Amino acid sequence: MTKFEIEPIGIVHSCFSEKFGIPRQPGLVHSSVAELELLPPWNRQELVAGLSEFTHIWVHFVFHKTIEAGWRESIRPPGLGGKKRVGVFASRSPHRPNHMGMSVVRLRGIRASKGKVFLQLSGIDLLDGTPVVDIKPYVAYSDSIPEASSSYAGSFFPVRVRLRGDVLSFCEKYQDESGRDLAELIREVLAQDPRPVSQRGKRDVFGVLLWQVNVRFRVVLEEGEEIFEVFSCVNL
């Protein structure tokens with residue numbers, strides 16, 4: 001057999017409405033949340049019986065927004081400054097031959113409502129609308145390898161983020177109305193420095209869409225340190 005047909009078992013409803021701003025790895029932005037809706041005929045509670053006893057799960061999914069662009073033999077990963085190339089199989093790029101991805105995320109709960117089943121997730125790096133093809137429990141004793149090395153992907157230095165007073169007021173009102181901690185999500189997403197390596201030093205103002213809020217920030221220098229100052233939040 002040379003080909004397989006894979007059918008989505010679920011779809012992700014995520015706080016990330018566009019690719020820009022999505023963390024490059026899962027687990028880095030703890031306040032990023034999503035619901036994974038199971039699709040028929042897999043939207044039955046017996047299929048997830050016992051899953052709530054695990055704190056984390058593996059989510060296997062498809063990078064559906066990169067399929068039309070095709071795959072690439074080599075990639076310039078951000079961890080190497082966007083200059084050196086590595087083979088696609090030495091990267092986590094979405095531009096893969098089969099466009100498959102996998103993430104370890106925290107399972108916050110399981111919700112059943114009106115014949116539907118939802119897995120409540122956090123620490124995600126998943127785009128809204130992402131099709132899911134499998135779910136497995138994360139098993140700490142075998143899935144965690146403390147002595148593993150990560151080559152060029154082994155370091156991370158967060159950027160300092162500052163929210164203006166009017167932005168904080170917007171976030172407080174948004175949280176009162178939606179129950180979502182937008183301010184913390186903004187801080188954690190921007191601390192990862194979502195800018196493409198090619199744009200660093202060339203542009204000062206950027207925008208990221210979180211849920212349906214357009215968040216605008218600028219890069220400012222203070223004593224030689226780059227700081228991201230959030231100056232605008234607008235509901236779309």
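Predicted model: local features only at pLDDT ≥ 70, side-chain atom pairs only at ≥ 80, totals over all residues.
Visitor: How many bridges pair S2 with S7, and in what sense?
Guide: Strand S2 and strand S7 (residues 116–122) are joined by five bridges in the antiparallel sense. Two strands count as paired if DSSP finds at least two bridges between them.

Visitor: What does S1 pair with?
Guide: Strand S1 (residues 10–14) runs antiparallel to S2 (residues 33–38), with five bridges, and it also pairs in the antiparallel sense with S8 (residues 131–137) over two bridges. Ile 11 takes part on both sides: Glu 37 is its bridge partner in S2, and Pro 131 stands opposite it in S8.

Visitor: And S3, is that strand mostly enclosed or open?
Guide: Six of the seven residues of S3 (residues 56–62) are buried, so S3 is largely enclosed by the rest of the structure. Buried means under 20% relative accessible area, exposed means over 50%, and partly exposed is in between, using a 1.4 Å probe and protein chains only. S3 pairs antiparallel with S6 (residues 100–113) over seven bridges, where Trp 58 stands opposite Val 104. Five bridges join S3 to S8, also antiparallel, and Val 59 has Ile 135 as its partner there.

Visitor: Switching to helices: at what angle do H2 and H3 cross?
Guide: The axes of H2 (residues 165–178) and H3 (residues 182–191) come within 8 Å and cross at roughly 125°. That makes H2 oblique to H3.

Visitor: Which residues meet there?
Guide: Leu 168, Phe 170, Cys 171 and Tyr 174 in H2 meet Leu 182, Ala 183, Ile 186 and Arg 187 in H3. Contact here means heavy atoms within 4.5 Å.

Visitor: How many residues of H3 are buried?
Guide: Eight of its 10 residues are buried, so H3 is largely enclosed by the rest of the structure. The cover over them includes S9 (160–163), H2, S10 (205–210), S11 (213–222) and S12 (225–235).

Visitor: Which residues have the most contacts inside the largest nonpolar core?
Guide: Those are Ile 186 and Val 230, in a core of 48 residues. H3 gives the largest share of this core, seven residues.

Visitor: Last one: where does Leu 28 lie?
Guide: Leu 28 is in the loop between S1 and S2. Leu 28 counts as partly exposed because its relative accessibility is 35%. Its C-alpha atom is separated by 9.7 Å from that of Ala 191, 163 residues apart along the chain. Leaving out residues up to four places away in sequence, Leu 28 touches Glu 188 and Gln 192.

Key. Residues numbered from 1 in each chain as written. Heavy atoms only, no water. Axes fitted to C-alpha atoms, helices over the stretch in contact; angles between N-to-C directions. Helix = DSSP H or I, 4+ residues; strand = E, 2+ residues; numbered from the N terminus. Parallel < 35°, antiparallel > 145°, perpendicular 65-115°, else oblique. Core = buried A, V, L, I, M, F, W, Y, C linked by side-chain atoms within 4.5 Å.
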